[in-house]
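Hi there,

Here is the structure I promised to pass on to you. My notes on it follow below, so please have a look at both when you get a moment.

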Amino acid sequence: MKKNILVTGGAGFIGSHLVSALLKEHRVVVLDNFSTGRRSNLPENSQLTVVEGDVSDLCVISQLFADQEFDYIFHLAAIASVMESVEQPLVTHQTNMDGTIYLLNAARTQNKPIQRFVFASSAAVYGAEPTLPKTENSPIQPLTPYAIDKFGSERYVTSYSQLFQLPVAVARFFNVYGPRQNPDSPYSGVLSLLVDAFKKGNQADRVEFTVYGDGQQVRDFIYVADVIQGLRLLAFSEEARDGTFNLGTGRPISLHEVILVLEILTKKQVNISYKAAREGDIPKSYAAITKLEQLGFQVNMPIEKGLQAYLEAELCATV
Ligand code: NAD
Ligand code: UD2
């Protein structure tokens, strides 16, 4: 049966992929203030309603829930830039934490019982603590206002399940990549910057790129379609109820190795300029995903396949 599903931040990079997937079976309402999201990320679809509004505006949330009730909520709206949270902690806190509380409260007080409230958290909650791989029980060490608000929100989400029996699930995203990721800031995801460099250097044999540090830093890059697979499991499987899950691939790869894969796929060379490692850069981060796998998750898009799909979407004619 068709469900009515709210996706906050649904016009953004990850949200828009989720919306397209959900629309195959359900009605979807997107709440987005279009600060980084774009209308053009969303499909034309009679089952989709787009509400322009701010999750940190209590009047917006109250009106939205007065107008209709939801079966599921995916809460992805956030100021996703860590740098912005460092520069403007008060403003980002309003979206990244107050917005979560407003939504949780609206979810618990609507008449119809919510079937799942899924919250988009981040591997940033693990901070620089070196234990690897990161399991959901690894030490938490949030180092920035962004990470602190993500962890605070997580705690609110899980406390709403304990105090009010709201069915919830928390997803800790690792490094997500794929089409529609915005490469416009120097702090955008490294793969969006790399693919953008290939786009710009399209006609040349060599592509220019700056690596901060020695290129040996390790990440767990997960293709956006696999993130959507994980989010659906967190919402629709009974076993995910009230759990916290890493959403990664469990397959670490260094920046140098990723660049090599891109060179092989595009048959172009990257001319790397090295600069000092960014302050606070984490040398290695990757997920243990046993918990997610127990829900039936499989990595469908390992890095070679994911990068190929990403390049095809962004550079279509040239790859
Ligand atoms: P994004 O910036 O593309 O998406 C965020 C969306 O939220 C945008 O559409 C934006 O317009 C909207 N938004 C921001 N503030 C809002 C507000 N106050 N009210 C309503 N809408 C608002 O970023 P993304 O990469 O798609 O991130 C989605 C979620 O995943 C975020 O919560 C982010 O923190 C989390 N996350 C992303 C990554 C990643 O690798 N991309 C990693 C960890 C966590
Ligand atoms: C990710 C998140 C960040 C925060 C952090 C917590 C993204 C985009 N960033 O940062 O929000 O949650 O995890 O751990 O999801 N790099 C280069 N050249 C560039 C850009 C980046 O060498 O032009 C390096 C960068 O220094 C880092 C690596 O590439 O070592 C990955 O960078 P990133 O910003 O994509 O992701 P990360 O893990 O640092």
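This is a predicted model: local features need pLDDT of at least 70, side-chain atom pairs count only at pLDDT 80 or more; totals for chains, interfaces and linings use all residues.

Let me start with how the chain is divided. The domain assignment puts 4–175 + 222–247 in domain 1, while domain 2 is made of 177–220 + 250–286 + 301–318. Their C-alpha centres lie 26 Å apart, and the contact involves 17 residues of domain 1 and 18 residues of domain 2. About 1700 Å² is buried between the two domains, with 57% of that on carbon and sulfur atoms. On the domain 1 side, the residues that lose the most area to domain 2 are Phe 13, Leu 132 and Tyr 223, which together make up 37% of what that side buries.

Three elements of domain 1 each give two or more residues to the side that touches domain 2: α1 (13–22), β10 (221–223) and α7 (224–236). Of these, α1 provides the largest share, three residues. Sorted by class, that side of domain 1 has nine nonpolar, five polar and three charged residues.

**The two ligands**

You will see two ligands in the model, and I looked at the surroundings of each.

Around ligand 1 there are 27 residues, and Asp 32, Thr 36, Asp 54, Tyr 146 and Lys 150 come nearest. Thr 36 places a polar side-chain atom 2.7 Å from an oxygen atom of ligand 1. Gly 37 has a polar backbone atom 2.9 Å from an oxygen atom of this ligand. For Val 55, a backbone N or O atom lies 3.0 Å from a nitrogen atom of ligand 1.

Ligand 2 has 20 residues around it, and the ones that come nearest are Val 190, Thr 210, Tyr 212, Arg 219 and Asp 281. A polar backbone atom of Val 190 is 2.7 Å from an oxygen atom of ligand 2, and one of Thr 210 is 2.9 Å from a nitrogen atom of the ligand. Gln 217 uses its side chain instead: a polar atom there lies 2.9 Å from an oxygen atom of ligand 2.

**Backbone details**

Two spots in the backbone deserve a look on your screen. Most residues other than glycine have a negative phi, and most peptide bonds are trans. The peptide bond from Leu 132 to Pro 133, however, is cis, with omega near -10 degrees. Pro 133 sits in the loop between β5 (116–122) and α5 (145–164).

Arg 180 is found in the loop between β7 (175–177) and α6 (190–200).

**Salt bridges**

Finally, what about charged pairs? The count comes to 10 salt bridges. One of them joins Lys 112 and Asp 71, whose closest N and O atoms are 2.9 Å apart. This pair links distant parts of the chain, 41 residues apart: Lys 112 belongs to the loop between α4 (89–109) and β5, and Asp 71 to the loop between α2 (58–67) and β4 (72–75).

Best wishes, and happy browsing!

Terms used: Residues are numbered from 1 along each chain as its sequence is written. Chains are lettered from A and ligands numbered from 1 in the order in which they are written. Side-chain values use heavy atoms; hydrogens and water are left out. Domain bounds come from an automatic or database domain assignment. Contact means heavy atoms within 4.5 Å. Buried area is the accessible area (1.4 Å probe) that two parts lose on being put together, summed over both. Helices (H or I, at least four residues) and strands (E, at least two) are DSSP runs, numbered from the N terminus. Ala, Val, Leu, Ile, Met, Phe, Trp, Tyr, Cys and Pro count as nonpolar, Asp, Glu, Lys and Arg as charged, and the others, Gly among them, as polar. A residue is near a molecule or strand if one of its heavy atoms lies within 4 Å of it. A polar contact is a pair of N or O atoms within 3.5 Å; within protein, one must be able to donate a hydrogen and the other to accept it, and residues adjacent in sequence count only if both atoms are side-chain atoms. A salt bridge is a side-chain nitrogen of Lys or Arg within 4 Å of a carboxyl oxygen of Asp or Glu.
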